Amino acid sequence: MIKKSTLEAWIHQKISGVARGSLTTAQLERYQVRQLNAVIAKVREQSRFYREHLKDVGAGGISRIEDIGRLPFTTSKDLFRDPTAFSCVSQQQISRVMTISTSGTTGEPKRIFYTAEDQEATIDYFQHGMANLACAGDRVLILLPSELPGSVGDLLQKALGRLGATGIKHGVVVDPEKVLMVMEKEQANVLVGIPVQILILARYQNSLKTFSTQLKSILLSTDYVPGAIVSVLEETWNCRVFNHYGASEMGLGGAVQCEALGGYHLRESDLFFEIVDSNTGQSVPDGEYGEIIFTSLTAQGMPLIRYRTGDISRFIPQPCQCGTVLKTMDLVIGRLADEISLKSGIILRQGDFDEALFPLAGVLDFRVSVTSERRKDLIDIEVNLAKTANVVSLQDIYNVLENLPGIKSAIDRNELTIQIKVETERFNRGAAKRVMQHVT
């Protein structure tokens, strides 16, 4: 029997103040309307950005959820332009600042401010979210940035302690063989990490055959998760693979899968999510894909109103098999920024390359760069392979790329050229999201 999402009872207690009883959709919506009104009033008074940004919006509050559509969006460019304009507290009340730089940006880096209360809320969410895949006594290897106090790995370790589990901070994967040794020595039975880096561990596990690991579950986070990677991990370790969706702007945590391993269940007591048409800005019906928008409901340091994530998903209209009343958001299928339109009319998506290349034996990672010339497009792909005899050939890689929609016909019409470069074990050792580069 599938256990109900652990987030439901947690959210019910947070919004009602009592541990008994059941959460209802009506109860949750009433709470969200109250919180939306409170956060709007807060940012109007305390945020320099929102004081100006909301000046043309009527002073009347929100009486129903749908009214949020009257409010303007907030974008990442707004954050880059002047991060301090979003702060709603004094600098003395900020306990953690996360700095994020984006290539091509000439202004200040994007900075996210958290108070101690904000980080406590994240620890609380991590504790109850992790209860979907871990329990007391488990040993969890944390392969996320963990060095600094208040980092995601540090907060996760604290949350696991409250769950009765042991969180082992390691940091991002730099040396796969060393990480496998740590897994064995520490008897880790749960992993938390970045999708491509966990894939690299699986490839090494398959090639070395020298480490004894007994994993029961894996949580993938920080980046889009290709289904091909999930399949490799399940086959390698015979364990369950969960997805987490979050962002720094959300306070690091936003949604997580339950035991049904369908879509994500949302952190609905702290965040309000929408799915909108990225062109019109209008809400789309449940079941239709669009851009994920969120609004902070409880953040103290830097609440955000209708923040455009650029991520693509949908709300699943059918109830989850776990029986929760919480919304179910489908797994993110990519980012708007990952779509590149070629002169031939083909639209390239990072996710299409992921699903084509990651099932190939020995592929650790790859990078895609697109150059648009006057009459022709050029796709440069650098594929990183493991040091093992059982890896794919250059022709195998070319064959799967030709099978992507529209690629072969564009090559045959001399509108497109593909260049493939193979490297050995030069994989991404950082925590940055993987993106395609487009040079025009």
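Strand S11 (residues 290-296) and S12 run antiparallel and are joined by 4 bridges; strands here are DSSP runs of E of at least two residues, helices are runs of H or I of at least four, and both are numbered from the N terminus. Two strands count as paired if DSSP finds at least two bridges between them. This is a predicted model, in which local features need pLDDT of at least 70 and side-chain atom pairs count only at pLDDT 80 or more, while totals for chains, interfaces and linings use all residues. Residues are numbered from 1 along each chain as its sequence is written, and side-chain values use heavy atoms, with hydrogens and water left out.

Gly-290 has Ser-313 as its bridge partner in S12. S12 also pairs with strand S14 (residues 334-335), in the antiparallel sense and over 2 bridges; there, Gly-334 is the bridge partner of Ile-312. Strand S12 (residues 307-313) is largely enclosed by the rest of the structure, because 5 of its 7 residues are buried. Buried means under 20% relative accessible area, exposed over 50%, and partly exposed in between, with a 1.4 Å probe and protein chains only.

Rings of Phe, Tyr and Trp (its six-membered ring) pair if their centres lie within 6.5 Å; planes under 30 degrees apart are stacked, over 60 edge-to-face, and the rest tilted. By this rule there are 9 aromatic pairs. One of them is Tyr-125 with Phe-126, a tilted pair because the planes stand at 45°, with centres 5.8 Å apart. Tyr-125 is buried at 1% relative accessibility, and Phe-126 is buried at 8%. The rings of Phe-273 and Phe-294 also form a tilted pair, with centres 6.5 Å apart and planes at 45°. This pair links distant parts of the chain, with Phe-273 in strand S10 and Phe-294 in strand S11, 21 residues apart. Both Phe-273 and Phe-294 are buried. Elsewhere, ring pairs link Trp-10, Tyr-125 and Phe-126 into a cluster.

The cysteines remain. The structure holds 0 disulfides, a disulfide being a pair of cysteine sulfur atoms within 2.5 Å.
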